[in-house]
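Morning, everyone. Please bring up the sequence and the model, and we will walk through a few spots.

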Amino acid sequence: MAPKSKFSTSRERATNPLVWCGAIICTILTIAVIIGGIVTFIGYLVIHPRVPYVSVMDAHLDHIQIDYEGILEIQVTILIRAQNGNEKAHASFSDSSYSLSLNREVVAQLVAPPFEVGKNSSVDFNYVVPSSPIPLRPDQAEDVDAGLKKDLIIFDLKGSSRVRWRIGSLGSVRYLCRLDCQLRFHPLNGTYIPSRCSSKAK
């Protein structure tokens, strides 16, 4: 018996037009994603954005006194600088708030209203921080008294500021600048012992 010949109809051989349309759309989307990535990368290299940051530039312990009942009075001046190193973008700072504490006792709150920092520029905030009389626990009073005798008083400064800046046509970027550092002073003359206190990455 002769073998049966195999054949297919034109309907079976033809590819569904929807399949072709789907393949074409996927190809176009893939190319668009690749081009978008290349454009973003080139834009980053051209603009070379820099993250704005905040730093303590200087400080001074204007006054510190503790009486026999453990009541503490202080006044500190702190210079905080907001820096924007971008040559082609302004930076907006908001929700700026920092707490100053001594021996785990918050003695002052440093705040600033929303502000703008121009291209490749900086803004300084000179905080003069007088505190109301602060009653300390006996152990806290002993620590402060020991620091006065050693001529070394250490404050903790913690807080943050929200930053937003635009990277050319690539869109806006939001970032949280955090400060968490110690400020050291010689109480005999109030001088600040310089140390790194910045939200800028090392």
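Which helix holds Trp-20? Helix α2, residues 17-47. Before going on, remember that this is a predicted model.

Stay with Trp-20. Is Trp-20 buried or exposed? Exposed, because its relative accessibility is 53% and the cut-off for exposed is over 50%. Together with Ile-24 and Ile-28, Trp-20 makes a nonpolar surface patch of about 350 Å².

Now the inside. The largest nonpolar core has 42 residues. Which of them touch the most other members? Leu-100, Phe-155 and Leu-183.

Take Leu-183. Set aside its neighbours within four places in sequence. Leu-183 is then in contact with Val-56, Ile-78, Leu-100, Ile-153, Ile-154, Phe-155, Leu-157, Tyr-192 and Cys-197.

The bond joins Cys-181 to Cys-197, with S to S at 1.8 Å. This pair links distant parts of the chain, 16 residues apart. Cys-181 sits in strand β9, residues 172-186. Cys-197 lies in the segment after β10, which spans 191-193. Both Cys-181 and Cys-197 are buried.

Why does Cys-177 count as buried? Because its relative accessibility is 0%, and buried means under 20%.

That is the tour. Over to you.

Notes: Residues are numbered from 1 along each chain as its sequence is written. This is a predicted model: local features need pLDDT of at least 70, side-chain atom pairs count only at pLDDT 80 or more; totals for chains, interfaces and linings use all residues. Side-chain values use heavy atoms; hydrogens and water are left out. Patches are made of residues with over 30% relative accessible area and no salt bridge: like charges are joined within 9 Å, nonpolar side chains (Val, Leu, Ile, Met, Phe, Trp, Tyr) within 5 Å. Accessible areas come from the Shrake-Rupley method with a 1.4 Å probe; for residues, only the protein chains shown count as cover. A salt bridge is a side-chain nitrogen of Lys or Arg within 4 Å of a carboxyl oxygen of Asp or Glu. Helices (H or I, at least four residues) and strands (E, at least two) are DSSP runs, numbered from the N terminus. Buried means under 20% relative accessible area, exposed over 50%, partly exposed in between (1.4 Å probe, protein chains only). A nonpolar core is a set of buried Ala, Val, Leu, Ile, Met, Phe, Trp, Tyr and Cys residues joined through side-chain atoms within 4.5 Å. Contact means heavy atoms within 4.5 Å. A disulfide is a pair of cysteine sulfur atoms within 2.5 Å.
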